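Trainee: I have a structure open and want to learn how to read its features. Can we go through it step by step?
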Amino acid sequence: MNTKTIKALEYKKIIHSLMEKCQSSLGKKRAEEVKPLTDMAEITKLQGETDEALTLLLKRGAPPLYGISGIKADVKRAEMGGTLNPGALLRIGDSLRVSRDLKNFLKEVQEDKDKTYPLIQGYIEDLSVFKDIENEITNAIISEQEISDNASTTLRSIRRQIVSKNDSVRDKLNSIVNSQENKKYLQDNIVTMREGRYVVPVKAENKNNIKGLVHDMSGSGATLFIEPIAVVELNNELRELELKEREEIEKILKALSALVAGQAEPIANNQFLLQELDFIFAKGKLALDMNATKPILNDRGRINIKKGRHPLLNVKDIVPIDIYLGKDFDSLIITGPNTGGKTVSLKTVGLLVMMAQSGLHIPADFNSEIGVFDQIFADIGDEQSIEQSLSTFSSHMVNIVDILANVERNSLVLFDELGAGTDPTEGAALAMSILDYLLGMGVKTIATTHYSQLKLYALTTEGVVNGSVEFDVQTLSPTYKLLIGVPGKSNAFEISQRLGLEMHIIDYARGLISEENIEFEDVLESMEKDRIMINQNKEEAEKYRLQVENLKGELSHERDRTREMREKILQDAKEEARSILRRAKDDSDYIVKELREVSIEIEKEKLKRIQEAQEELKGKLKKAESQVSDRVLNVKSKKPPKELKAGETVEVLTLNQTGTVLEKPDDNGNVKIQVGIMKISAHISSLRRSESRDTKKIAHSTKKIMSSKTKDVRAEIDLRGHNQEEAFMELDKYLDDAYLAGLKEVQIIHGKGTGVLRQGVKGYLKKNRHVKASRLGSLNEGGDGVTIAELK
C-alpha cells in the first residue's frame, strides 16, 4: 500500500489504538504488522475472526489471555539439552496455564448452541495442554529467584539442615558476643556476614584475643571482621549444605527442562496460537469501542457507507455521512465551503476502506459495503516544501504525477482541492483532464474542489456526480451533512452580506462575474431551494408516514392488548377455579389430618387405659402372689422324701402340682423336676412322694397337649381390623400358644394404615416375656405392614 497514503489518512493511529487493546507484547507486535491486504479470501477470514471475537466479547466477556510471552527461544534451548532458569520455566508454565484456561473457556462457549465460532475454536483446539508439566513447574518454582521447598524431598531436607546449622552458628556466635570476657574485645555486640560466612566485629588491637579467620576490615582499619575458630567448622558445614542446595536446584531445573524438551514442538507452537488469539480479541475490543460493524466486501470497487464516522474523531462531535460510489458512477466531486467537512469525508472513506482491507470492522451502520482495491492513493493536505523549493501547487502536482504513474484500474484515488494553488482557469482545466483520464481507466475517484467549472463538468459528464457539504447561510455554519447529486454553492456573496459588507460592493462584485457564471450560480441557488423544499416535503411526508405507522402500531398494540386481556381474564378465571379446587383439597386434607390426629389421640387414650388396667392387674397379681407366698410357697413337707431317684413321682407342695424327678438331689438338697411342660428346681423340703399319680399317664398327657398345640398354631397372626385393645388380647393368647408350640419366629400382620397399631404392637412386644427380639418385615415379607417376632 502507498506509504504517503498511509501517512495522509493517519492509518498508523488506528494501528496504535489496536496495539493498545492487546494484552501481550506478542499481540502488540502482531498488531503492529497489520496492513491493508488485497486478497479477498484472506480479508474475509480476518473479518470473520473479528466478528467472532466481537460476538464472544458481547456474550461471554473477555477470555483469559494473561501470561502470554515469547517462549520459543527458551523451548529451543531446552530441546538442545540446555538447563532453563526459573524465569524461563515460569513463562512456559504461564503459557501452558493460559492454554488450559482457554480450553475451559471454549467448553463454556460450546454450551451456546445458537452460535458457533469455527475460526477461534480452531485456534483454541490446536493449543496443547500439559497439566503434568504445568503442575511440576508451579510446584517447584515460586519466582524468578526462588525455588520452592516442595520441588523435591532432598531440597526440603537440605534446607532444613541449613536452617538448623544457621541456628547453631548464630547460637555459638551469640554466646561469644554476649560473653563478659569477650565483650571488651568487640567493637559491637553483633553477628554479621562477610563473604557468606558469619563473623563478629573485633577491635583491631584485640585481634589476638579472638582466635579465628579474618575475612574483612573496616574502612578506617579500626575493626576486623573475624570468624571465630569455634564456628569455622560449622560455617564450613553450612557452606557445604549451600553447595548441595545449589546442586539440587540445578538437578530440579534440569529435570523440568527435560520435561519441556520432551514436548518442545507443541509447547513452542502454543506461542503462535496465543499471539493470534490475543490479536484477534484486540480487533474485537477495538470494534466494541468504536461501535463498529462487519462490512460487506466486494471485488467490483463498490462503496456504500451508511452513517459512516471518522474513527479518530470524538463520537459526540461527529455527524455521520452516507456516501456511495462505483455502481452508477465512478467519480464523485464534492464542493462546499471551507471547514464544511469535505476533507473529513474524504479521509473517512479512505480510512474505512483501509480498515476493512486490514480485517478490522468499520465505524458505520450494518450492511455497509466496501470494495477491495489493489491500491489506494490520497493527495490530501498542504505539503509545501521549503527545502525542495516547492510551492503548494508543485508539491501537490509531484504527488499527483506519482499517483498517475502507478494507478491501476482497481484503485481508489482521493484528491483534496484538486487543481488548487494556481490560476483557477488552468487549475480547473488540469483537474478536469486528470479526472477524465482516471474515469477512462475505470478508477474510482473522489475529489474536493471550489471550482465552478468542475461542478459543471460533473453535471455534463457521464459517470461523474456532484456532491456537496451542506452550509446554513442563516447561522453561517456548516451542518457537515454530505449530499450526493447536488453541487455545492460557494455562498460567498451571501456570507459577506451576513457579515456586514456593503451591498454596493457586493453588487459591483456581481457585475464583474460573467453572465454565464451568474446564471449557473442562480441555477444552483434555485436547485438548492428546490432541494431544501423537497427535503422539507420529504421530512413532512416522513413525519406523516411515521404518524401513520405509529397509529398502526398503536392499533395493533391495542388489538394485542385486548386479546391479551381476554386471554388473561380466561387465564385468571382458570387460575381462580384451580385455586378454589386447591383450597377445597387443602381443607379436605386438613380435615382428614385432624380426624387422623383425633383417631390417634383416641387410640393413645385407649392404650393409656389399657396400660392403667394392666398396671392395676399387675398390682393385684403381686398382692395375690404375696398372699400365695405366705400360704403356699412357704409350705414345708412334714416328711421330706429320702433317697429320691430319677423317674420317681413327687408332689411339689409350693405349686400344688405333681412332677417327675429328673436327677438326684444335689449336695444342697435341690432337685430338678419336670412339671408338665416346665422344668423346675425345688428344695427337697418342699417335696412329698406321690402315692396316687401315674407318672406315665402324666407324661403322655403332657406330650399330647404339646403335640396338639404344635399342630394347631400357625406361624402368623392377622390383627388387621382390630383396635389396639382387641389386638393385644389376641396377640397375648397367640404368643403363649406359639411359645408352647415351640415356634422360634412368628409374623404379626398389622397393616400399614396410620401406623398406630404398628407402634402399639412394637411397644407390646418389648414387654412380652416370650419375645426375644422384633423387627419390621423385609420387602418380600410384607414391609412395614408386618412385624417379625423372634421367640425365646
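Trainee: Let's start with charges. What do the side chains of R688 and E651 meet in?

Mentor: First the general idea. Side chains of opposite charge can pair when their charged atoms come close. Keep in mind that this is a predicted model. Here the side chains of R688 and E651 meet in a salt bridge, at 2.9 Å from N to O. The pair links distant parts of the chain. R688 sits in strand β21 and E651 in strand β17, 37 residues apart.

Trainee: How many salt bridges does the structure hold?

Mentor: The structure holds 36 salt bridges. One of them joins K342 and E417, at 3.9 Å from N to O. That pair also links distant parts of the chain. K342 is in helix α13 (residues 342-357), and E417 is in the loop between β13 (411-415) and α15 (424-441). The two are 75 residues apart. K342 counts as buried because its relative accessibility is 4%, and buried means under 20%.

Trainee: How many residues apart are E575 and R578 in helix α19?

Mentor: They are three residues apart in helix α19 (residues 515-633), which means a separation of about one helical turn. E575 is partly exposed, with a relative accessible area of 36%. R578 is at 41% and counts as partly exposed.

Trainee: Back to the strands. How do I read a sheet?

Mentor: Strands of a sheet pair through backbone hydrogen bonds, either parallel or antiparallel. Read the strand order next. This structure has an open sheet of five strands, in the order β20-β19-β18-β17-β21, with antiparallel pairing. Its edge strands are β20 (678-683) and β21 (687-689), and each pairs on one side only. Neighbouring strands are turned by 45° against each other on average, direction ignored.

Trainee: Over how many bridges do strands β17 and β18 pair?

Mentor: Over four bridges, in the antiparallel sense. Strand β17 covers residues 649-652, and strand β18 covers residues 657-661. E651 stands opposite T658 in β18. E651 is also the residue whose side chain meets R688 in a salt bridge.

Trainee: Now the rings. How do I describe an aromatic pair?

Mentor: A pair of aromatic rings is described by the distance of the centres and the angle of the planes. The structure holds two aromatic pairs. Take F728 and Y764: the ring centres are 5.2 Å apart and the planes are at 15°, so the pair is stacked. The cut-off for stacked is planes under 30 degrees apart.

Trainee: Where do F728 and Y764 lie?

Mentor: F728 lies in helix α21 and Y764 in helix α22 (residues 756-767), so the pair ties together parts that are 36 residues apart in sequence. F728 counts as buried because its relative accessibility is 7%. Y764 is buried as well, with a relative accessible area of 13%.

Trainee: Last one, the surface. Which residues make the nonpolar surface patch of about 350 Å²?

Mentor: I677, M678, Y739 and L740 make the patch. L740 is in helix α21 (residues 724-740). L740 counts as partly exposed, because its relative accessibility is 30%.

How values were computed. Residues numbered from 1 in each chain as written. Predicted model: local features only at pLDDT ≥ 70, side-chain atom pairs only at ≥ 80, totals over all residues. Heavy atoms only, no water. Pairing = 2+ DSSP bridges. Axes fitted to C-alpha atoms, helices over the stretch in contact; angles between N-to-C directions. Patch = residues over 30% accessible without salt bridge, like charges linked within 9 Å, V, L, I, M, F, W, Y side chains within 5 Å. Areas by Shrake-Rupley, 256 points an atom, 1.4 Å probe, with all protein chains shown as cover. Salt bridge = Lys/Arg side-chain N within 4 Å of Asp/Glu carboxyl O. Buried < 20%, exposed > 50% of the residue type's maximum accessible area, 1.4 Å probe, protein only. Phe/Tyr/Trp six-rings, centres within 6.5 Å; stacked < 30°, edge-to-face > 60°.
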